[in-house]
Amino acid sequence: MNALARRQRRTDCPAVEMQLAGGTVACDPSGVLYAPSERLLVVSDLHLEKGAAFARRGMMLPPYDTAATLALLGAALERYDPLRVVCLGDSFHDRHGAAFMPAQFREVLVRLMTGRDWIWIAGNHDPEPPAYVGGETHETIGVGPWTFRHEPSPSLRVGEVAGHLHPVAQVSAGGRSSRSACFASDGDRMILPSFGVTTGGLNVLDRAFHGLFDPVRAKAYVIGIARIYPIPFRSLCR
């Protein structure tokens, strides 16, 4: 089963609720985070128009990435019907992505945004406001007990929710090993998985994650086909 087919099957998997910095959030198997008290949906690293960005550099990727990512995002929005959406940066793969996006994809995106407060967090791939699609752009934004930004701060920050690192977890059981995207959290802060269908991932045991979480409480909320599995970092494989 390819990665896109696995992503599509996860829509039947239940979300997992947890406490994050004193507020209740739901980790959804699609990779979005939902805060019911705020009717807020958070998504990270869409990397829209990644295939087009690579094509401009002479490297060919399958051309379905934007359509597939928007379809998955649309399904998540339909499931939760949020009033506000925060996109945690790298929503477009480069600073030209929004301006060069084909009209049919832009129309889909604008339709998803209609009737919602839509916040773009500036990322390292897309530091400027996206062209022709609307919404607000911020470096960081606070909602309830949480602060949303693209790259996690280097020190412990209670309530911080970030993306950028594309966390994945490697799990071994019964002589078999598997790797999957995950939410990474110790209950005080969280790093979301990347949402784009052609994005890679970084093992949560990589040095890039060191110091970001309390090592005793840190867990990977690993997205499986049937459910999300909360697994302590100490039980994961490098």
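**Histidine 164.** I looked up histidine 164 in this predicted model and found that it counts as partly exposed, at 23% relative accessibility. I note that this value lies above the burial cut-off, since buried means under 20% relative accessible area. I located histidine 164 in the loop between strand S10 (160-162) and strand S11 (167-173). I then read its backbone angle: phi is near 75°, a positive value in a residue other than glycine. I noted it because most residues other than glycine have a negative phi.

**Tyrosine 132.** I placed tyrosine 132 in the loop between S6 and strand S7 (136-138). Is tyrosine 132 buried or exposed? I find it exposed, with a relative accessible area of 64%.

**Helix H5.** I went through helix H5 (residues 103-113) for burial and listed Phe105, Arg106, Leu109, Leu112 and Met113 as buried. These residues lie on the same side of H5, because they cover an arc of only 125° around the axis. On the other side of H5 I found Glu107 and Arg111 exposed. What do the buried residues of H5 pack against? I get three partners: helix H3 (65-80), helix H4 (97-100) and strand S6 (117-121). I also checked the backbone just after H5, where glycine 115 takes a positive phi of about 85°.

**Cavities.** I searched the whole structure and got 3 cavities of 30 Å³ or more. I put the space in the largest cavity at about 40 Å³. I listed its lining as Leu20, Val25, Leu33, Tyr34, Ala35, Leu40, Val42, Trp146, Phe148 and Val161. Strand S3 (33-35), strand S4 (40-43) and strand S9 (146-149) are the elements that give two or more residues to this lining. I see that S3 gives the most, with 3 residues. I sorted the lining of the largest cavity by class and got 10 nonpolar, no polar and no charged residues.

**Second largest pocket.** I read a volume of about 160 Å³ for the second largest pocket. I wrote down its lining: Val204, Leu205, Phe209, His210, Gly211, Leu212, Phe213, Pro215, Ala218, Phe233, Arg234 and Arg238. How do the residues of this lining divide? I count 8 nonpolar, 2 polar and 2 charged.

Note on methods: Residues are numbered from 1 along each chain as its sequence is written. This is a predicted model: local features need pLDDT of at least 70, side-chain atom pairs count only at pLDDT 80 or more; totals for chains, interfaces and linings use all residues. Side-chain values use heavy atoms; hydrogens and water are left out. Buried means under 20% relative accessible area, exposed over 50%, partly exposed in between (1.4 Å probe, protein chains only). Helices (H or I, at least four residues) and strands (E, at least two) are DSSP runs, numbered from the N terminus. The arc is that of the directions from the helix axis to the C-beta atoms. Contact means heavy atoms within 4.5 Å. On a 1 Å grid over the protein atoms alone, a cavity is a set of points where a 1.4 Å probe fits but cannot get out, and a pocket is an open set with protein on both sides within 12 Å along at least five of seven lines; lining residues have an atom within 4 Å of a point. Grid points are joined across faces, edges and corners, and a volume is the space filled by probe spheres set on the points. Ala, Val, Leu, Ile, Met, Phe, Trp, Tyr, Cys and Pro count as nonpolar, Asp, Glu, Lys and Arg as charged, and the others, Gly among them, as polar.
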